Amino acid sequence: MKLLVIGGSSFIGAYTVDELLNRGHEVVATGRNPSFKFHYDRLGVSYVKVDMVEAESLAVLDAWKFDAAVSLAARMPANIEKDLEMEDIADYIRTNVVGTINLLDWLRGHGINRLVDIVSRFDCRLYPVGTVIKEETSPMFSYTDDHAAYVVSNNQKAEMLHYYNERYGMKNIWLRIPSIYGVGPHGSFAKDGVVIKSGLQIFMEKAAMGEEIVVYGDPDTPKDVLYVKDMARAIADALESNDGKGLYNVSYDENFSILELAQATAKAFAGERGESTVSSDPSVPNNGSFPRMDNTKIKKELGFKPLYGDPYVLMEDYHRELERGEYAKLFT
């Protein structure tokens with residue numbers, strides 16, 4: 001298949017291109033980071049600049065005939081340092097909704113009936129722990145936290161993908177995803193507009209030095225995470241599907257606990273100073289948890305078979321990729 005990856009210079013995009021190439025597909029990637037051109041030239045992947053918000057910029061893609069496309073270009077709060085008093089929902093709508101409509105119109109005009117896109121599980125953020133989120137579960141989210149504008153724009157994007165399916169007979173797929181782990185640019189992220197170091201980054205740094213890793217709050221707090229290589233597999237499965245369309249949850253069979261993640265990190269990143277001890281301090285609250293997403297539909301309909309559903313396997317590969325250095329170089 002000839003496949004288009006919008007957002008090929010993104011974290012998930014870089015891994016997705018590799019997965020598609022490994023499956024024997026021909027790939028064209030887009031992005032706005034010029035440093036990725038050398039990387040993709042080495043892989044034999046054409047790399048062009050596109051801004052979906054500007055519909056005219058999509059004309060550069062007329063040079064190819066594609067079978068399907070995936071869009072990984074989005075405005076996300078984790079990447080934005082800002083004053084929370086500054087309202088930016090219009091920017092979210094322009095990028096995540098209008099940009100998607102522009103892309104859908106271009107695809108439809110070129111006889112391409114499938115776009116794979118991603119949405120966030122923050123649309124079900126307020127369900128209590130123990131709830132299992134299915135594709136038909138109604139949204140329940142906060143309109144006041146730092147993800148509100150992102151969730152609203154994601155929900156509207158999903159409506160547009162559904163609209164084009166129903167009105168024009170397209171087979172668009174949108175994947176609802178948890179936090180994505182993997183070697184990339186996310187050692188820190190913006191929370192409430194302020195950049196902080198991620199918990200996993202702290203675990204890895206402590207483990208590499210053989211220092212004690214302290215798990216705050218309830219050590220059994222479940223975390224819904226997915227390794228980026230399994231995310232890329234899910235995207236490739238969606239692109240290759242003949243009949244799939246609509247919303248699919250992408251997740252593992254069970255969430256990991258914070259304690260399991262800490263222990264797996266300590267083992268995988270242990271260096272000359274030995275393996276870190278892992279302790280817990282319930283007096284300090286952690287960031288809480290998300291309900292688990294049910295993955296029955298994506299496994300049954302798209303044939304999704306994750307490879308890294310064990311936290312020890314996940315963190316071992318994470319460490320191996322960090323040592324290999326290929327992805328780390330892309331995001332420095």
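This report walks through a sheet, a helix and some aromatic rings in the structure above.

## About the model

This is a predicted model, in which local features need pLDDT of at least 70, side-chain atom pairs count only at pLDDT 80 or more, and totals for chains, interfaces and linings use all residues. Residues are numbered from 1 along each chain as its sequence is written, and side-chain values use heavy atoms, with hydrogens and water left out.

## The sheet

Strands (E, at least two residues) and helices (H or I, at least four) are DSSP runs, numbered from the N terminus. Two strands pair if DSSP finds at least two bridges between them.

Valine 5 has valine 70 in β4 as its bridge partner.

## Helix α6

Helix α6 covers residues 228-240, and its 13 residues should span 18 Å at 1.5 Å a residue; the end C-alpha atoms are 18 Å apart, which agrees. The expected span is 1.5 Å times one less than the number of residues.

Is α6 mostly covered or mostly open? Twelve of its 13 residues are buried, among them Val228, Met231, Arg233 and Leu239. Buried means under 20% relative accessible area, exposed over 50%, and partly exposed in between, using a 1.4 Å probe and protein chains only.

## Aromatic rings

The structure holds 17 aromatic pairs. Rings of Phe, Tyr and Trp (its six-membered ring) pair if their centres lie within 6.5 Å; planes under 30 degrees apart count as stacked, over 60 as edge-to-face and the rest as tilted. Tyrosine 15 and tyrosine 327 have ring centres 3.8 Å apart and planes at 15°, so the pair is stacked. This pair links distant parts of the chain, 312 residues apart: tyrosine 15 is in helix α1 (residues 11-22) and tyrosine 327 in helix α10 (residues 326-330). Tyrosine 15 counts as buried at 2% relative accessibility, as does tyrosine 327 at 6%.
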